[in-house]
Amino acid sequence: VDGADAGVAGPEVDAGAIARNTARLRAAAGDGAEVCAVVKADGYGHGLVTAARAALAGGAGWLAVALVEEGEALRAAGVDAPVLVLSEPPPEAAGALVAARLTPTVYRPAFLAALEDAAAGGAPIAVHVKLDTGMTRVGVAPADRDALLARLAASDRLDVAGLQTHLARADELDVPTTGEQLERFAAGLAAVRAAGLAPRLVHVANTAATLHHTPAWRGVLAEGAPDAVPLVRTGIGLYGLDAGPQVAAAAHGLEPALRLVSAVSHVRHVEAGTPVSYGHRWSAPAAGWLATVPIGYADGVPRGLTGRLDVLHGGRRRPVVGTVTMDQVLVWCGDDEPDHGDEVVLLGAQTGADGEVRIGMEEWAERLGTITYEIATGISARVPRIPVAGAPDATPRPVGGRSHPTCGCVGNQPC
C-alpha cells in the first residue's frame with residue numbers, strides 16, 4: 001500500500017500545557033515575582049507565536065527573544081507585551097529594535113551609543129544591563145562594570161529599567177558555582193546603587209534556578225534591590241522539558257507540550273534476511289511487516305539515532321530499523337500488519353490496550369549525549385507546528401477544539 005497523501009503530520013503543540021507550566025513556574029518563583037517567558041528559537045521549536053500567546057495567557061508579563069527579527073515577528077503577529085532581546089544585536093540594528101518597541105539588553109559602550117542615536121528626539125529608551133558573573137559569554141565584565149554604569153547614569157537618552165545576569169550551572173545542584181555567581185551579582189547590585197541607578201526589574205533565574213535556587217537568589221535581591229520586582233527568565237520549563245539530569249520537569253508538575261507525530265505511508269511484508277535502508281545495516285530477523293514513515297533527519301529525527309530509536313504504533317513501542325534517512329524511517333512491526341495512515345508517535349504519548357505509553361525528548365537526548373534543548377529546537381521548519389489545545393488558561397482542563405494551524409491563534413481567540 002503506497003500512500004503519498006500520508007505526509008509528515010508534524011509537532012502537535014499543546015498551548016494549554018505551556019500556559020499551565022508558566023503559572024507553575026511563576027508560583028515557584030515566589031510572591032511578587034514575574035515571569036519572562038523565553039520564546040527564542042521559534043519557541044524552543046514549539047512555534048514562536050503559539051508559545052508567546054500561551055505563556056502570556058498563563059501569567060507571563062514579559063517575553064524574551066534572541067534576535068530583533070524574532071521580536072519583529074511577534075509584533076507583526078499582534079503580540080503587544082514587553083519583549084526583551086537577550087543579547088546585543090549589531091549596532092546598526094538599534095533603529096529596528098527601537099522601532100519594534102523591543103527592550104534591549106546592553107553591555108558594550110558601542111551599542112549604548114547606537115541606542116542613544118536611535119533615541120534622538122524621542123523618549124528615553126528603557127534598557128536592561130547584563131552583568132557577566134561567570135558565564136563568560138556576553139555581559140559586562142567586572143573590570144568594565146563601573147565605567148559602563150557611570151556612562152548609563154550620565155545618559156539622558158537611556159533608562160536603566162532592568163539588571164540581569166545568567167547562571168552557568170544552575171541545573172547542577174551539587175556544585176558551588178551558582179552561589180559564587182550570586183555573590184558576584186550582589187556586588188554588582190551594590191555598584192548599581194553606588195552609581196545612582198535603581199532598576200525596576202532584576203533577574204537572575206532560569207528554569208533550573210527558579211525550581212531549585214529561589215531562596216538563594218531571592219535573598220540576594222531582597223538585600224541588594226529590595227524595591228525591585230524579581231523577574232525569572234524561564235525557557236525550557238515552559239515546554240515541560242527537563243532542564244538537566246538533576247532538574248526533572250515532571251517532578252515539578254510541568255507537562256510536555258509537544259507530540260511529534262507522523263503516519264504510516266507505505267506497508268510491505270518482507271522475508272527473513274531482507275536488508276533495508278542505506279548501507280544495509282539491518283536485515284529482517286524473520287518474515288514480517290515493515291512500515292515506512294515519512295519523517296527523517298531533515299525534519300529533526302537525528303541520524304545519530306540509527307539503531308537506537310523507537311516509535312509508538314498501535315499503543316506499543318516498535319523499533320526503527322535500518323539507517324535513518326533524510327525523509328523517511330522504517331519501523332519493524334513483526335507479525336502485526338500496519339495500515340496505511342496509522343498514527344506513529346516519535347515523541348509524546350499514545351494510548352494502547354495496556355494504557356498510555358510515552359517517549360520523551362529526554363530519552364533521545366540521553367541516547368545522543370545531548371540535552372532536551374537541542375532536540376526541541378532541532379525539529380525543522382519544514383514540519384508544520386499544529387496547536388491542538390483549547391484556550392490556554394493556567395488551570396488544568398481537557399483538551400478541547402483545534403486551533404488555527406497557520407496563524408498560531410489559540411482556541412476561540414480571534415486571528
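At what angle do helix α6 (residues 109-119) and helix α7 (residues 142-154) pack, and how far apart are their axes? The legends below start with that pair. This is a predicted model, in which local features need pLDDT of at least 70 and side-chain atom pairs count only at pLDDT 80 or more, while totals for chains, interfaces and linings use all residues. Residues are numbered from 1 along each chain as its sequence is written, and side-chain values use heavy atoms, with hydrogens and water left out.

**View 1. Helices α6 and α7.** The two pack at about 10°, with axes 11 Å apart; α6 is therefore roughly parallel to α7 (angles under 35 degrees count as roughly parallel, over 145 as roughly antiparallel, 65 to 115 as roughly perpendicular and the rest as oblique). Axes are lines fitted to C-alpha atoms, for helices over the stretch in contact, and angles run from 0 to 180 degrees between N-to-C directions. Helices are DSSP runs (H or I) of at least four residues, numbered from the N terminus. On the α6 side, Pro109, Leu112, Ala113 and Glu116 meet Leu148, Arg151 and Leu152 of α7, where contact means heavy atoms within 4.5 Å.

**View 2. Helices α8 and α10.** Here the axes of α8 (residues 177-194) and α10 (residues 214-224) come within 10 Å and cross at roughly 20°, which means that α8 is roughly parallel to α10. The crossing is right-handed (the near helix is turned clockwise from the far one by less than a right angle). From α8, Leu182, Phe185, Ala186, Leu189 and Arg193 take part, meeting α10 residues that include Trp217 and Glu223.

**View 3. Helices α1 and α3.** With axes 7 Å apart, α1 (residues 15-28) and α3 (residues 48-57) pack at an angle of about 45°, so they are oblique to each other. Ala15, Ile18, Ala19 and Thr22 in α1 meet Thr50, Ala51, Ala54 and Ala55 in α3.

**View 4. The largest pocket.** About 530 Å³ of space lies in this pocket. A pocket is an open set of points on a 1 Å grid over the protein atoms alone, where a 1.4 Å probe fits, with protein on both sides within 12 Å along at least five of seven lines; lining residues have an atom within 4 Å of a point. The volume is the space filled by probe spheres set on the points, with grid points joined across faces, edges and corners. Of the 24 lining residues, Lys40, Tyr44, His166, Asn206 and Tyr373 lie nearest the centre. Helices α2 (40-44) and α9 (207-212) each supply at least two residues of the lining.
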